[in-house]
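Please read these points with the model open beside you.

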Amino acid sequence: MYFDDPTLMFAVTVVGAANAVVLVWGALLGACRQPLLYWAAANGLAALAASMVLILAESGSPWLGPLFNSFFLLGHACWLVGTLHFFGRRVAAGPLAALLILSIVATVWLGVVSPDRALRIFLAASTAAILRLFSAIVLLRFSGTFGRRAVALAVALVMLIDAGVLALHAHIGLAGVVPLITGSEQNDPFILTWITMLLSTAVATPLLMLLALSRLLDDLKRSAHYDSLTGLPNRRGFFERIGPLLEQGRRQGQTGSVLVVDIDRFKHLNDRFGHAMGDEVLCVMGAVLNDVLRGVDTAVRWGGEEFCALLPDTGGSGAYAGAERIRAEFSRRCRAIPALAEVPMSVSIGVASGRWNEVDFDTLQHRADAALYAAKHGGRDRTVLAGAETVAC
Ligand SMILES: Nc1nc2c(ncn2[C@@H]2O[C@H](COP(=O)(O)OP(=O)(O)OP(=O)(O)O)[C@@H](O)[C@H]2O)c(=O)[nH]1
């Protein structure tokens, strides 16, 4: 195989361009938008560099090498930036831009102004190897923060191999020989360029797509079961979670309780301070329910400013005490919001209890709702226990 085998250039062009289209399409779906766009740019630049060689190889233009190197290096930088974004890490834009500008200026200088092919190849390949090494380090360092660790490690391995190939390329740039490719008529390092480009476009990019797809599926699963504002389960997540708890309660004849929690005069809060403040207060309520309830209890954002909680193994007095803790904690946390320091925020809560082998969840929920209605009509800012006329305010 010759270094300038047009089949290889064509393969990199087609695979790189196809990857770029798929990655942009994935970004338009809204998942991992930034990393996908950077990886699309990396593949697009690889395709551009390869197609340029395919078209201009015969022209003998002194600009071909420097332009190829520039696209090549920009593509490697996009890879790194996309990978950092994927793991939610900061991009050290200044040092990266400085490295790129220096390398690109040097490669143009060594290609056009004061031609030195060996030094140009050394510079471009060693800079690309450094960028690849950083991509591998990012993947190795943060692979544990994301579920698909094996895939992230596989991409890291490809990046390390790629960095090794590029280091060899850099060495060849200086030494001017190809030690590994014995018998080749063309004693030229370009074969390594095609190997490294195929590694990233045909091997590493599909693995990255798999990573992004896994994250998309995780996000979809999460948004199907959780309320995006408060982080609490939505109704679907709630009913999936409480099914086994209710079954256990029935078998063991446990007494359980349902709380229906409604923030008082929420419309007034929205009207006076805006919806952003309303959303913040809803988040406060989500956090309060998370923190105050026990691990076995489950809360749900029932809709709007209404929440519901199942306390599967708790009788009326325990649930009532829990409701009071929720009311107190909610008011305390709202007072800590500067804009609301002078605006007392409160909640009304309806509580209903019963034995799970005598009542079902829907029945208790309706009773708790009726108790909430009584709490609202009694003046708000209170807990009402269904059937026990117990009112606290
Ligand atoms: N900011 C924000 N507001 C919401 C959201 N969902 C529902 N709301 C608002 O919540 C308000 C509920 O108003 P109402 O049902 O009249 O209840 P309220 O003002 O709390 O009155 P009481 O319950 O009787 O104390 C409506 O204005 C809705 O627009 C949300 O996700 N964010």
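The numbered points below take the salt bridges, then a helix, then an arginine in a strand.

1. Basis. This is a predicted model, in which local features need pLDDT of at least 70 and side-chain atom pairs count only at pLDDT 80 or more, while totals for chains, interfaces and linings use all residues. Residues are numbered from 1 along each chain as its sequence is written, and side-chain values use heavy atoms, with hydrogens and water left out.

2. Salt bridges overall. The structure holds 16 salt bridges (a side-chain nitrogen of Lys or Arg within 4 Å of a carboxyl oxygen of Asp or Glu). Asp291, Glu329, Arg332 and Arg333 are linked in a network of such bridges.

3. Arg148 and Asp218. In this salt bridge the closest N and O atoms are 3.5 Å apart. The pair links distant parts of the chain, 70 residues apart: Arg148 lies in the loop between helix H5 (117–142) and helix H6 (149–175), and Asp218 in helix H7 (residues 190–225). Helices (H or I, at least four residues) and strands (E, at least two) are DSSP runs, numbered from the N terminus. Arg148 is partly exposed at 29% relative accessibility, and Asp218 is partly exposed at 27%. Here buried means under 20% relative accessible area, exposed over 50%, and partly exposed in between (1.4 Å probe, protein chains only).

4. Glu240 and Arg236. Their side chains form a salt bridge of 3.9 Å, N to O. The two residues are four apart in helix H8 (residues 235–252), so about one helical turn separates them. Glu240 has a relative accessible area of 49%, which makes this residue partly exposed.

5. Asp297 and Arg294. This salt bridge has an N to O distance of 3.1 Å. Asp297 is buried, at 8% relative accessibility, whereas Arg294 is partly exposed, at 41%.

6. Helix H3. The 23 residues of helix H3 (residues 64–86) should span 33 Å at 1.5 Å a residue, and the end C-alpha atoms are 33 Å apart, which agrees. The expected span is 1.5 Å times one less than the number of residues. H3 is mostly covered, with 19 of its 23 residues buried. Just after H3, Gly88 has a positive phi of about 70 degrees.

7. Arg301. This residue sits in strand E2 (residues 298–303) and counts as buried at 17% relative accessibility.
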